[in-house]
Amino acid sequence: MHNALPAPLLQFVATVVLSFVLGLELHSYRRAQGEGIGFGTTRTLTLIGAAGFVLWLLDGSAPRGLYLAGLLALAAWLAVGLARGAHAGADAGTDTSGALLPALIALLAYALGPLVLTQPDWLVAAVLIVAILMLAEKPLIRRLSDAVPMSEGVTLAKFLILAGLVLPLLPDTPIPGLLDITYAKVWMAVVVISGISYLGYLAHTYLFPKAGTLLTGILGGVYSSTAATVVLARQARMDPGIAAQAPTATVLATAMMYVRLWVVIIVLGHWPEAVRLALPFGLLLSGSLAMAWWLWRRVRADAPQAVNTKLGPHNPLDLPVAFLFAGLFVAFAAITMFVTQHFGVTGLRVLSFLVGFSDIDPFVLALLAGHFQVGESAVISAVLIASGSNNLLKAGYALALSRQRSMWPAAAWLALTLVFSLLWALRLG
């Protein structure tokens, strides 16, 4: 039966049905809002969808004069209706901002014909689903809009600039003097790190706004285990409730660092390195989780619960931070090239240990992106050493800022991870 029917007929029926569904949803929306029928009844939207389909089909090819003429006529009709509604609403002292929605739905109905004729089915379904959700979920959308501050819209715009505007504009050509490290690779690393950090920030801010100390360590480790350690240590010094659980949370933040690094390495396509790091990272992660469980058992019976531990006032998507990351990426790539060319594997190991006392993410990603004059084993060793020395830095922060005896086991474990990383690096040769 399906094969016997001509394709244009099936597409026309699909357009009419979809337009009819839009009309039903708009009618349901109006009833839920206590509004009258007004413009955009189910019949009107069905006929608008059919007209759009017919005019597009009659045109045959560009410039689509008939279809554009119909669009202009529909737009003019809608504009006149909106103007009259606004004038009548002003006279009656009522809000007419909702009158724009039926006009937008009418334009969407007019575009359904070309969508069905030219685009894949999944795109047509996606457009219809979005339209239906916007009509059916007004209360949820309103609550979400009221709950999210205006600054978060700016933050999302920053991420869209990083990922959707800057990245496509950068050439995939090597940076002069840096072998295979391209402009696009550098910025892709920025986008991936920023995206993971942003997800962690959103989870802590909106999904778990009153997260306890342990959950704070986990979420903090998603976007900066060092920052989480500093905040936990400072608050442990002032709050007994946090002081009891801060060691566990600090170890959990470091455990999440290994997860974050490994995920970033996979996302950026460094599969051989990810495979070789899976075992040492897995052992370090398992050991950290076991240590965190042991620390938690020691204090769970009598430790007061602390909530609302803040990870700091700064959103991880500040554009200056993104540019700083890109600059560090290039700088570490240049330094790594110089060191490997003049001092070989030994120099790289010393460099990786020193870099651990700063931000290791740009160093690790620059090391993986560039084809330096060292083998893969040396690269894996450098990643492990950098992460281990970064844990030593966190151990120092934990002890110096908290001034709590309870932090000693966590600091000792962080130092032990450095020993493990050094031994594994020596094992690799």
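Ser225 lies in helix α10, which covers residues 225–238; helices (H or I, at least four residues) and strands (E, at least two) are DSSP runs, numbered from the N terminus. The model is predicted, so local features need pLDDT of at least 70 and side-chain atom pairs count only at pLDDT 80 or more, while totals for chains, interfaces and linings use all residues. Residues are numbered from 1 along each chain as its sequence is written, and side-chain values use heavy atoms, with hydrogens and water left out.

Is Ser225 buried or exposed? Its relative accessible area is 2%, so Ser225 is buried. Buried means under 20% relative accessible area, exposed means over 50%, and partly exposed is in between (1.4 Å probe, protein chains only). Leaving aside neighbours within four places in sequence, Ser225 is in contact (heavy atoms within 4.5 Å) with Gly220, Ala253, Thr254, Met257, Arg260, Asn390 and Lys394.

## The chain as a whole

The protein chain has 16 helices and zero strands. Of its 429 residues, 43% are buried. Among contacts between residues at least 6 apart in sequence, 76% join residues at least 24 apart.

## Nonpolar cores

In soluble globular proteins, nonpolar side chains tend to be buried together. A nonpolar core is here a set of buried Ala, Val, Leu, Ile, Met, Phe, Trp, Tyr and Cys residues joined through side-chain atoms within 4.5 Å. The largest such core holds 52 residues, and those touching the most other members are Ile181, Phe281, Phe329, Phe363 and Leu367. Two or more residues each come from α7 (150–169), α8 (183–207), α11 (240–267), α12 (271–299), α13 (319–355), α14 (360–369) and α15 (376–402). Helix α13 gives the largest share, eleven residues.

Which residues does Phe329 contact, leaving aside its neighbours within four places in sequence? They are Ile181, Val186, Ala189, Pro362, Leu365, Ala366 and Ala369. A second, separate core has 23 residues, including Leu18, Ala103, Ile105 and Ala109.

## Salt bridges

A salt bridge is a side-chain nitrogen of Lys or Arg within 4 Å of a carboxyl oxygen of Asp or Glu. By this rule there are two salt bridges. One joins the side chains of Arg260 and Asp361, at 3.2 Å from N to O. This pair links distant parts of the chain, with Arg260 in helix α11 and Asp361 in helix α14, 101 residues apart. Both Arg260 and Asp361 are buried.

Arg276 and Glu376 also meet through their side chains in a salt bridge, at 3.4 Å from N to O. Here the distant parts are helix α12, with Arg276, and helix α15, with Glu376, 100 residues apart. Arg276 has a relative accessible area of 31% and so is partly exposed. Glu376 is partly exposed too, because its relative accessibility is 33%.

## Helix pairs at α15

Axes are lines fitted to C-alpha atoms, for helices over the stretch in contact, and angles run from 0 to 180 degrees between N-to-C directions. The axes of α11 and α15 come within 12 Å and cross at roughly 155°. The two helices are therefore roughly antiparallel; angles under 35 degrees count as roughly parallel, over 145 as roughly antiparallel, 65 to 115 as roughly perpendicular and the rest as oblique. The contact is made by Thr254, Met257 and Tyr258 of α11 and Ser387, Asn390, Asn391 and Lys394 of α15.

The axes of α15 and helix α16 (residues 408–428) come within 8 Å and cross at roughly 165°. That makes α15 roughly antiparallel to α16.
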